[in-house]
Amino acid sequence: MKYQCLIVDDEPIAQQILESYISQIDSLHIAGKCSNAFEALNVLHQEHIDILFLDIKMPSLSGLEMLKTLQNPPKVILTTAFSEFGAESYEYGITDYLLKPIPFERFLKAVNKIVMPKNTNLEKEENDEKLSSDPTFIFFKADKKIHKYYFSEILFIEGSGNYVKIHTKNDKPLMVLDKLIELYDKLPQKNFIRVHKSFIVNVSHIQKIEGNMLKIQDKSIPISATYKQKLEGLINDNS
């Protein structure tokens, strides 16, 4: 499914940045760009829009004033350079509020609140999703592309300086510019654990633990004394 996106902003540079971000995500499609609220209202009356990227301060009719006129608005992500509208904007049922200049990672976080996975082969993940708002996937930026991985697909992650290597079930490892310790904070702690200064593993894929080594598929991964006790505790909690 492609989510149809409408960009509404009176600043051409802001439009270009959002257009660039949207074009990097396979599940998003740019349905249109408008420079004021009146143009946007015409598009919304004629086309189906799933996600509205809406600037607040615009001439004649502001983004918030425009929202007041919509009976069944799409998902709305507000974009603005003015932080003082934050509290008020959530009264309109918006999904997120992005402050300019918008970092790509912050943009992804907002989009992730809307773009939830639909996969009939992952029934457990779907059931978990109904019970929790926690995402079941993560985006990585590498090779000038955005790669989407379900947490269940990731076997382990190997760190090397300012880069990490994502090892999955089927694909060749993906090299990503990120630090292992920073990536660890983005992963669900109930599923992933750091076992060595250079390795994070998905507990559900551990096949065997013997001494100070564990095995995932055909890879032997070292366990350092620093993390061994925490690993044993997590395994006991899941057994």
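**Exercise 1. In what order do the five strands of the open sheet with antiparallel pairing stand?**

Solution. The model is predicted, so local features need pLDDT of at least 70 and side-chain atom pairs count only at pLDDT 80 or more, while totals for chains, interfaces and linings use all residues. Residues are numbered from 1 along each chain as its sequence is written, and side-chain values use heavy atoms, with hydrogens and water left out.

Step 1. Strands (E, at least two residues) and helices (H or I, at least four) are DSSP runs, numbered from the N terminus. Two strands pair if DSSP finds at least two bridges between them.

Step 2. The order is β10-β9-β8-β12-β11. β10 (174-177) and β11 (192-196) are the edge strands; each has a single partner strand, so one side of each is left without a neighbour in the sheet.

Step 3. On average, neighbouring strands of this sheet are turned by 25 degrees against each other, direction ignored. Axes here are lines fitted to C-alpha atoms, for helices over the stretch in contact, and angles run from 0 to 180 degrees between N-to-C directions.

Step 4. Within the sheet, β8 (residues 154-160) and β9 (residues 163-168) run antiparallel and are joined by six bridges. I157 has I166 of β9 opposite it.

**Exercise 2. Describe the open sheet with parallel pairing and the helices that pack on it.**

Solution. Step 1. Its five strands follow the order β2-β1-β3-β4-β5. At the edges stand β2 (28-34) and β5 (96-99), each with a single partner strand, so one side of each is left without a neighbour in the sheet.

Step 1. Six bridges pair β1 (residues 3-8) with β2 in the parallel sense; Q4 has H29 in β2 as its bridge partner.

Step 2. Helix α1 (residues 12-23) packs on the sheet and touches β1, β2, β3 (51-55) and β4 (75-80); its direction makes about 165 degrees with that of β2. Helix α2 (residues 37-46) also packs on the sheet, touching β1, β2 and β3, and its direction makes about 160 degrees with that of β1. Contact means heavy atoms within 4.5 Å.

**Exercise 3. How many aromatic pairs are there? Examine two of them.**

Solution. Step 1. Rings of Phe, Tyr and Trp (its six-membered ring) pair if their centres lie within 6.5 Å; planes under 30 degrees apart count as stacked, over 60 as edge-to-face and the rest as tilted. The count comes to nine aromatic pairs.

Step 1. The ring centres of F137 and Y150 are 6.4 Å apart and the planes stand at 75 degrees, so this pair is edge-to-face. F137 belongs to β6 (residues 137-142) and Y150 to β7 (residues 145-150), so the pair ties together parts that are 13 residues apart in sequence.

Step 2. Buried means under 20% relative accessible area, exposed over 50%, and partly exposed in between (1.4 Å probe, protein chains only). F137 counts as buried at 2% relative accessibility, and Y150 counts as buried at 11%.

Step 3. F151 and F192 form an edge-to-face pair, 6.0 Å centre to centre with 70 degrees between the planes. This pair links distant parts of the chain, 41 residues apart: F151 is in the loop between β7 and β8, and F192 is in β11. Both F151 and F192 are buried.

**Exercise 4. Which residues have the most contacts inside the largest nonpolar core?**

Solution. Step 1. A nonpolar core is a set of buried Ala, Val, Leu, Ile, Met, Phe, Trp, Tyr and Cys residues joined through side-chain atoms within 4.5 Å.

Step 1. The largest core has 31 residues, and those with the most contacts inside it are F140, I157, I166, V201 and L214. The strand that gives the most to this core is β8, with four residues.

Step 2. A second, separate core of 24 residues includes Y3, I77, L108 and I146.
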